[in-house]
Structures are given as structure tokens and as C-alpha cells.
Amino acid sequence: MQLIQDPHREQLRHWSPALLAAGAAWLLMLLIGDTPIARASGLALAIFGVTAGMRQMGFVASIAGGLTLALCPLFWSQTGGGQSQPATIVIAAGVAGIGMILASFLLERKDLGIGLGIVLFLAIFWSQVGTAQSLRLTGLVTAWLLYLLVDMILLTNPRPGLKPAQRPKPWHTAGILFLFAIGTINDPLVTLLAPAILLALFLSYASLPASYWLAIIAITGIGIALLVRAYLAPQPSQLDIWGWREAARWIELGELIIAQFSPFGIILGVIGLARLSRWYPPLGTVTMIAYGAYIFFGLAYRGSHRDILLIPLIIIQVMWMTYAVNTLGQWVNKSLADESGRWIHLVSALYFLLPAFLLSNILSA
């Protein structure tokens with residue numbers, strides 16, 4: 001007799017790693033990081049999005065990966081009880097998102113819903129916030145943008161032989177456009193994700209109207225203009241486009257990444273990208289392009305808060321590391337011919353040593 005799967009149980013199983021990682025990170029930020037509830041919740045939502053994007057890389061590995069991101073020095077530096085940017089901008093994004101969803105359902109027009117959501121955000125943003133750049137919102141938007149891109153690519157370009165390819169869901173394309181617009185308005189640096197977004201949409205074979213492509217291109221153009229005004233126009237300029245030719249800049253950037261995860265994390269990242277490019281070439285290419293855009297920015301930028309602005313790069317690094325752990329677990333399980341798959345979870349459990357090491361550094365600091 002064939003058992004009927006409970007859809008609610010399947011949904012719980014799918015989202016539970018993200019809930020566990022985000023919940024644990026939230027508690028650690030409150031109890032150890034002495035972080036205000038509003039800021040801790042925003043950071044935990046970012047962890048939720050990143051972990052959800054890694055869910056298909058393994059149940060155990062995705063939880064460990066989410067905690068690794070939460071506890072790495074760069075991300076953890078956002079915790080604490082000091083002065084922070086106003087939560088108005090995060091509230092504005094939340095109100096705009098709710099407005100977009102309600103309008104899409106009530107009007108039965110996805111395009112009108114997206115437009116209304118963006119208009120709502122613009123109205124609140126310019127009336128209450130002005131030109132402030134919220135690093136909290138940037139991290140949240142980037143995390144969920146990457147979740148949508150990863151989920152869409154894995155759905156439309158699955159590993160050969162596992163399951164048939166499907167078309168992207170409407171909420172994939174709607175969410176990408178909405179978050180890209182909100183992120184660019186808040187901080188033009190989100191525009192660096194534009195090449196990866198365009199490539200992901202192209203590789204997903206999404207049937208999108210011309211107005212959608214025009215909107216993406218228009219947002220990219222606006223973002224480029226804002227980037228020039230924010231980083232190139234001021235004198236002295238904060239960007240040196242030839243900075244990539246300086247060996248010292250490469251060494252400094254490499255040391256920044258090593259400081260987050262140790263050399264072990266760099267090795268895992270290389271393995272993860274190599275295997276991702278082998279089994280999921282579209283996803284490997286899209287993440288590599290996004291990573292490369294932020295590498296170039298890191299080499300060229302000479303202003304303040306550079307480390308914080310490179311958090312998207314760190315998020316992608318964690319994704320590669322997590323896939324490497326899942327790949328190693330599958331290799332061990334296959335070598336031992338264990339049909340239960342327990343070795344995948346056992347090897348993935350070793351990944352928790354990295355967030356444990358990062359936590360010990362926090363406690364001893």
C-alpha cells in the first residue's frame with residue numbers, strides 16, 4: 001500500500017532547517033551579542049533566507065551553514081547594542097511587501113501588485129528616510145534575492161536524471177523584481193547583482209513580458225547612475241577601477257575572507273564551486289558572476305565600511321562551502337554503499353565544528 005505524503009509535513013521538513021538556524025542565531029544575538037530585538041530579528045531573517053536557499057544542499061549541512069554565516073566575524077559585527085540606523089526603512093520594506101502581495105491577490109494582476117509595492121516603498125522611503133543607506137535592509141534583501149535565484153535555478157535546471165525541469169513560479173520572478181528594486185533604491189550597491197539576475201532569468205527560460213525586462217533594465221540603469229553619484233562623483237573618488245592590478249589589494253581581500261572562515265573555509269569554497277559547476281552549471285555560473293562582481297568592488301573600493309559592504313560575497317562563500325560538505329557526505333555514503341544515507345548526515349554534522357569554533361572565538365573575545 002502506497003503511503004500518501006502529508007503536504008504540511010513536507011513543508012515543515014523543507015523549512016525547518018531555516019527555522020532552526022534563524023532561531024538559534026536570533027537567540028545567540030540576543031543573549032550573547034546583546035543585540036536589540038528589532039536588529040536581531042532583521043539579521044535572523046537574513047539567516048533564514050540564506051539557509052532556505054541552501055536547503056537542497058542537505059538538511060544538516062544547511063543548518064550548519066546558516067550558523068556559520070551568523071557567527072562569522074563580519075556578520076556578527078552587526079550585532080551589539082550600539083547606535084543603529086532607524087528601523088523605519090525595514091518597516092517600509094515590510095509594508096511595501098505586504099502591499100504587493102495583497103494587491104496581487106485582490107487585483108489578480110501581478111504587475112500591478114509589484115508596481116504598488118514599489119510605489120509604497122518609495123513614498124515611505126523618501127518621506128521618512130531620505131537618502132540613508134540601511135545596511136540591515138541591504139543584507140536582508142541580498143539574502144532573499146539569492147534565495148529566489150538559487151531556488152529558481154534549481155527548479156528550472158535540476159541535476160540531470162533526478163527530476164524533470166519546471167518553469168519558474170510566479171513568485172520567483174515577482175519577488176526578484178520587487179527585491180531588486182527595493183534593494184537598489186535603498187543602496188545602489190545591490191546593482192552589482194544585476195548581471196547574475198539577468199543571467200539567472202535567461203537560464204530559467206521564464207516566459208516574461210517585455211515590460212518585465214524593461215523594468216529590470218530600468219532599475220539597473222538607475223542603480224548604475226546612483227552608484228556613480230555615490231562612489232565615483234565625490235572627490236576624492238571612493239573607487240579606483242584599476243585597483244585590481246595591485247597585488248596588495250588581492251592579498252588584503254583574501255585575508256578578509258580567511259578571517260571569516262579560516263583557510264579551511266577557502267578550501268571548502270573552492271571544492272563547492274568546482275562541484276557546483278559540474279553538477280549544476282547554471283547555478284555555479286550565476287553565483288560565480290555575483291561573487292566576481294563583489295570581488296571587483298572589494299578591489300576597487302577605498303572608502304569606509306568596505307568589509308560590511310562585502311557581506312553578499314560572504315553569503316555566496318558560505319553557499320559554496322555548504323555544497324562542498326554535502327558533496328563530501330554523498331561521496332562517503334556512496335563509497336560505503338549505505339542505502340540509508342546516514343553518512344551524508346554524519347559527515348555534514350562535522351560541519352558544525354566551524355560555527356562552534358567561531359562561537360568560541362566570540363566568547364573568548
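These are my notebook entries on one chain, looked up feature by feature.

**Ground rules**

I am working with a predicted model, so I kept to its limits: local features need pLDDT of at least 70, side-chain atom pairs count only at pLDDT 80 or more, and totals for chains, interfaces and linings use all residues. Residues are numbered from 1 along each chain as its sequence is written, and side-chain values use heavy atoms, with hydrogens and water left out.

**Entry 1: the whole chain**

I looked up the secondary structure and found 16 helices and 0 strands. Helices here are DSSP runs (H or I, at least four residues), strands are E runs of at least two, and both are numbered from the N terminus.

Next came burial: 50% of the 365 residues count as buried. Buried means under 20% relative accessible area, exposed means over 50%, and partly exposed is in between (1.4 Å probe, protein chains only).

The chain exposes about 17,700 Å², and carbon and sulfur atoms supply 69% of that. Accessible areas come from the Shrake-Rupley method with a 1.4 Å probe; for residues, only the protein chains shown count as cover.

I also checked contacts (heavy atoms within 4.5 Å). Of those with a separation of 6 or more, 77% are between residues 24 or more positions apart.

**Entry 2: helix H11**

I then looked for a bend and found a kink of about 105° at Phe261, shortly before the proline Pro263. The bend is the angle between axes fitted to the seven residues ending at a position and the seven starting there.

The buried residues of H11 include Arg249, Leu253, Leu256, Ile257, Gln260 and Phe261. Further along, Gly265, Leu268, Gly269, Gly272, Leu273 and Leu276 are also among them. An α-helix has 3.6 residues a turn, so residues three or four places apart point the same way. The partners that the buried residues of H11 pack against include helix H3 (59–71), helix H12 (281–300), helix H14 (311–335) and helix H16 (353–364).

Gln317 sits in helix H14. Is Gln317 buried or exposed? Gln317 counts as buried because its relative accessibility is 3%. Setting aside residues up to four places away in sequence, Gln317 touches Ile257, Phe261, Gly265, Ile266, Gly269 and Tyr291. Phe261 is also where I noted the kink.

Thr327 is in helix H14 too, and is buried with a relative accessible area of 19%. Thr327 and Gly58 are 269 residues apart in sequence, yet 9.4 Å apart in space, C-alpha to C-alpha.

**Entry 3: helix H9**

In H9 (residues 194–203), I listed Ala194, Ala196, Ile197, Ala200, Leu201 and Leu203 as buried. Their cover includes helix H7 (135–156), helix H8 (170–186), H10 and H12.

I picked out Leu201, which is buried at 1% relative accessibility. Leaving aside neighbours within four places in sequence, the contacts of Leu201 include Met152, Thr173, Ile176, Tyr212 and Trp213. Thr173 is 28 residues from Leu201 in sequence and 8.0 Å away in space, C-alpha to C-alpha. After H9 comes Tyr205, with a positive phi near 55°.

**Entry 4: salt bridges**

How many salt bridges does the rule give? The count is 5, taking a side-chain nitrogen of Lys or Arg within 4 Å of a carboxyl oxygen of Asp or Glu.

Arg302 pairs with Glu246, with the closest N and O atoms 2.7 Å apart. This pair links distant parts of the chain, 56 residues apart: Arg302 in the loop between H12 and H13, Glu246 in the loop between H10 and H11.

Glu252 pairs with Arg306 at 3.6 Å, joining H11 to helix H13 across 54 residues of sequence. Arg306 is buried, with a relative accessible area of 9%, whereas Glu252 is partly exposed at 36%. Arg306 also meets Asp307 in a salt bridge (3.9 Å, N to O). Arg249, Glu252, Arg306 and Asp307 are linked in a salt-bridge network.
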